[in-house]
Structure formats: structure tokens, C-alpha cells
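Here are my notes, as promised. Have the coordinates open while you go through the points.

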Amino acid sequence: MHFLSEDLEDYIEQHSEKEPELLAQLNKETYQKILLPRMLSGHFQGRVLSMLSKLIRPVNVLEIGTYTGYATLCLCEGMLENGQMHTIDIKEELVDFQRKYFDLSSWGKQIFQHLDEATNVIPTLDLKFDLVFIDADKENYIRYYELIVPKMNKGGIILSDNVLWSGKVVQEVDPKDLSTNILLQYNKILKEDPRVETVLLPIRDGLTVSRVV
């Protein structure tokens, strides 16, 4: 769903930082070879993720939902030299595709792939995180969030993608529509949880920025 006209979206991209060449290649190959390429963060959102990472200057970054690794690399752009990126996904068929682009980047040795359910992986990570990006199955957003908050450094940022869910969050919701109902609960939790301060940005399909206080 386009919340802005395509002309405005094109204008925004043209007046934002250029997409790095490696990410442009990743973008193109994803559309050529991988199912559901619209799941890719893409140029504009990717530059937003990059800018936030550069402002935060994280040491440890966690990503839930790797897909083909586009957002992973964007988030690495602000990571410190001694930093680590831990990215989690369940799609075994994408691991080699991701690794190819990770190793072509400057951060290959700092990126750790985890092939498992995020609810299994997160408790095993003995790290404190400065930046987390949640972009996986919506039904588990609340579970991911509750696992992540205790592992955040004070002042750390949690980014949550797809929180507007193609506008379904302001429409009449079918009780059987689990994803939308969970997202409505999730957005309410972020707004009311005293452990974070939150702003919801109308970027692509909705991007929430939550700062741990």
C-alpha cells in the first residue's frame, strides 16, 4: 500500500542519499531471484536505517528477520569497528545469498547469521544491544519485544517495521486476522510501556522508533 503518491515517493528518493552500489546490486538480484521481493527494505527506508545507525553509533546490533540482508547492511553502516551484527532468520535457502553480500561488504566478519526461531536465539545471546530492528512474523512481535527489552542498553533504540500494516490498523479488523490484531496490541504496548519512549513514523509501511529510558 502506498501512503504517498508514487510521484512523491520518487521525489523523496531523489532528494535522499544515493543507494550504495552494493545494495543496488543486492536489490536487483533479490527482485530477479527471490520470492516476495517487496519485503526488501529498499532505497529510502534503507537510507533511514543507515542514518539512524550512524546517529546511534551502536556497538551491538540485533536484527530479527534477515530476508536477503539489505537492511542488515544498512544497519551496519553506523556500527563501530568493534561492533557485532547478529541477524536471525528461519529461511535456510537464503543463508548463502545473504552471506555472499555480507562478505562483499566491509562488515563480513562482524555479521553473525542465526538460522532458527528468534525466540530460541535471543535468550542465548549474552550481549547488550544498542540497536534492534524487528522485521519478522507479526504474530510474535510482542514476544520478541519482551525478550529484547532486558537486553537493551539504556538509551538503546528498538526499530519495529510494518506497524501500519497497509493501513489495516485503522480499519475494521476481522477477529480472525491475527497479524493485525497483534500489531494493534503491539502498538498500544509501545505507546504505554514506561520502559521506552516511542514515535511512530509513516515511513513505507510504518516504522516505530522506541528509545529505552
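**Helix packing and cysteines**

1. Start with the contact (heavy atoms within 4.5 Å) between two helices: L22, Q25, L26, E29 and T30 in α2 meet F97, K100, Y101 and L104 in α5. These residues of the α2 contact with α5 divide into five nonpolar, two polar and two charged. Here Ala, Val, Leu, Ile, Met, Phe, Trp, Tyr, Cys and Pro count as nonpolar, Asp, Glu, Lys and Arg as charged, and the others, Gly among them, as polar.

2. A word on provenance: this is a predicted model, where local features need pLDDT of at least 70, side-chain atom pairs count only at pLDDT 80 or more, and totals for chains, interfaces and linings use all residues. Residues are numbered from 1 along each chain as its sequence is written, and side-chain values use heavy atoms, with hydrogens and water left out.

3. On geometry, α2 (residues 21-33) and α5 (residues 95-104) pack at about 165°, with axes 11 Å apart. Axes are lines fitted to C-alpha atoms over the stretch in contact, and angles run from 0 to 180 degrees between N-to-C directions. The helices are DSSP runs (H or I, at least four residues), numbered from the N terminus. So α2 and α5 are roughly antiparallel (over 145 degrees).

4. Are C74 and C76 buried or exposed? C74 is buried at 0% relative accessibility, and C76 is buried with a relative accessible area of 0%. Buried means under 20% relative accessible area, exposed over 50% (1.4 Å probe, protein chains only).

Definitions and conventions:
Angles under 35 degrees count as roughly parallel, over 145 as roughly antiparallel, 65 to 115 as roughly perpendicular and the rest as oblique.
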